Each structure stands twice: as C-alpha cells, then as structure tokens.
Amino acid sequence: MDYSHTDTELVRQPIGYWTWAAYKAVVTRTRAALAELGTTQPQWWVLAQVARADTPKTRAEVSALLRNYLDTGPEAMESEIDATVTAGWIVQDAETSDGRLSLTPEGRAFFEKAAALQDDLWTERHAGVSEEEYLTTMKVLQRVIHNTGGRAWHH
C-alpha cells in the first residue's frame with residue numbers, strides 16, 4: 001500500500017482528521033452493504049443484541065445500550081427497534097410488563113445472513129492488518145480518547 005506521507009510526516013499528521021476519515025470510510029461501506037440486504041446499521045445492532053443475548057433483553061435494555069452508538073439518540077433507536085418489529089424479525093413479548101424481545105424464525109434467518117456479511121466486512125477491513133497492529137491501534141485510540149477527556153465504550 002502507498003501511504004499518504006513518509007513516516008516522518010505521518011507522525012505529525014492530525015489524528016482527528018485520520019480517525020474521522022477512517023470512521024467515514026468504515027461506516028459508509030458498512031451501511032451501504034447492509035442497505036443491499038434491506039436493513040440499516042442500527043437495525044443490525046438491534047438484531048445482534050437480541051440474537052446474541054444469553055437471556056432475552058427488554059426493549060428498554062436494548063435501547064439504552066444502543067442509543068449512544070454513533071450518536072444515534074434514543075428516539076432514533078426506538079424507531080429502529082420498531083422497524084425490526086415491523087419487518088417481522090423481532091417480536092416483543094406482550095405477556096410480560098417489560099416487553100422482552102426475541103427473534104422470529106425470519107429474524108434468525110436474516111440475522112444469520114447479516115452476520116455473514118459483517119464477517120465479510122471484518123475480513124475486508126482487516127486485510128493486511130495483523131492482530132498485533134489492530135490491538136495497538138485500539139489501545140492508542142482509547143488512550144487518545146482518555147487523554148482528551150472523552151468517554152467511549154463498546155459492548
């Protein structure tokens with residue numbers, strides 16, 4: 001790969017720009033691929049939370065966990081949860097007061113298809129990047145976030 005600058009120049013490049021450019025590239029690619037399947041990235045987050053839960057989560061738990069992802073916000077997350085229900089991928093248990101969410105058979109099949117796509121996207125993003133390089137990158141980014149007084153957490 002050809003890099004934009006020499007190593008000497010790269011160490012002086014603004015991390016804010018490069019993290020933004022990486023974010024934009026990854027999110028744009030992910031959202032376009034998911035759109036081809038007929039879903040959004042927030043809907044994928046909902047499906048993944050429900051599908052991978054050891055015990056069924058409530059709507060409130062899923063919404064609270066995901067509302068801050070990429071600045072989505074609580075209203076948008078509620079709308080995305082509604083969209084997964086409308087699509088027939090998730091049902092909300094009407095028999096319990098806390099409205100536990102579970103996948104329908106159609107939702108399970110769609111989740112598996114979307115999960116395979118996410119695996120393909122992971123492989124695409126990590127081409128030529130060793131686990132050691134990736135780990136170093138994650139630690140550096142978390143240190144920069146900490147150093148600037150920011151807060152970030154991902155499940």
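Q: By its relative accessible area, is F111 buried or exposed?
A: This is a predicted model, in which local features need pLDDT of at least 70 and side-chain atom pairs count only at pLDDT 80 or more, whereas totals for chains, interfaces and linings use all residues. Residues are numbered from 1 along each chain as its sequence is written, and side-chain values use heavy atoms, with hydrogens and water left out. The relative accessible area of F111 is 6%, to be read against cut-offs of under 20% for buried, over 50% for exposed and in between for partly exposed (1.4 Å probe, protein chains only). F111 therefore counts as buried.

Q: What is the order of helices and strands when the protein is read along the sequence?
A: Helices (H or I, at least four residues) and strands (E, at least two) are taken as DSSP runs and numbered from the N terminus. On that basis the protein has seven helices and two strands. Along the sequence, these elements follow the pattern α-α-α-α-α-β-β-α-α.

Q: How many aromatic pairs does the structure hold, and of what kind is the one between Y17 and W20?
A: Rings of Phe, Tyr and Trp (its six-membered ring) pair if their centres lie within 6.5 Å, and planes under 30 degrees apart count as stacked, over 60 as edge-to-face and the rest as tilted. The structure holds six aromatic pairs. In the pair of Y17 and W20, the centres are 5.7 Å apart and the planes make 45 degrees, so the pair is tilted.

Q: Why are Y17 and W20 separated by about one helical turn, and in which helix do they lie?
A: Y17, at 41% relative accessibility, is partly exposed, and W20, at 46%, is partly exposed as well. Ring pairs also link Y17, W18 and W20 into a cluster. The separation of Y17 and W20 is about one helical turn because they are three residues apart in helix α2 (residues 15–37).

Q: Which helices are linked by the pair of W44 and F111?
A: W44 is buried, at 7% relative accessibility. W44 and F111 form a stacked pair, with 5.4 Å centre to centre and 5 degrees between the planes. The two residues are 67 residues apart, so the pair links distant parts of the chain, namely helix α3 (residues 41–51) and helix α6 (residues 105–125).

Q: Against which helices do the buried residues of α2 pack?
A: α2 has 23 residues and reaches 33 Å from its first C-alpha to its last, close to the 33 Å expected, where the expected span is 1.5 Å times one less than the number of residues. Its buried residues include V27, T30, A33 and L34. Just after α2, G38 takes a positive phi of about 95 degrees. The buried residues of α2 pack against α3 and α6.

Q: How are α3 and α4 set to each other?
A: The axes, which are lines fitted to C-alpha atoms over the stretch in contact, with angles from 0 to 180 degrees between N-to-C directions, come within 10 Å for α3 and helix α4 (residues 59–66) and cross at roughly 130 degrees. The contact (heavy atoms within 4.5 Å) is made by W45, V46, Q49 and V50 of α3 and V62, L65 and L66 of α4. Angles under 35 degrees count as roughly parallel, over 145 as roughly antiparallel, 65 to 115 as roughly perpendicular and the rest as oblique. α3 and α4 are therefore oblique.

Q: What is the orientation of α3 relative to α5?
A: The axes of α3 and helix α5 (residues 74–86) come within 9 Å and cross at roughly 70 degrees. The contact is made by P42, Q43, W45 and V46 of α3 and M77, E80, I81, A83 and T84 of α5. By its angle, α3 is therefore roughly perpendicular to α5.

Q: With which residues is G88 in contact, leaving aside its neighbours within four places in sequence?
A: G88 lies in the loop between α5 and β1 (90–92), and at 27% relative accessible area G88 is partly exposed. The C-alpha atoms of G88 and G107, 19 residues apart along the chain, are separated by 6.7 Å. Beyond the neighbours within four places in sequence, G88 is in contact with T104, E106 and G107.
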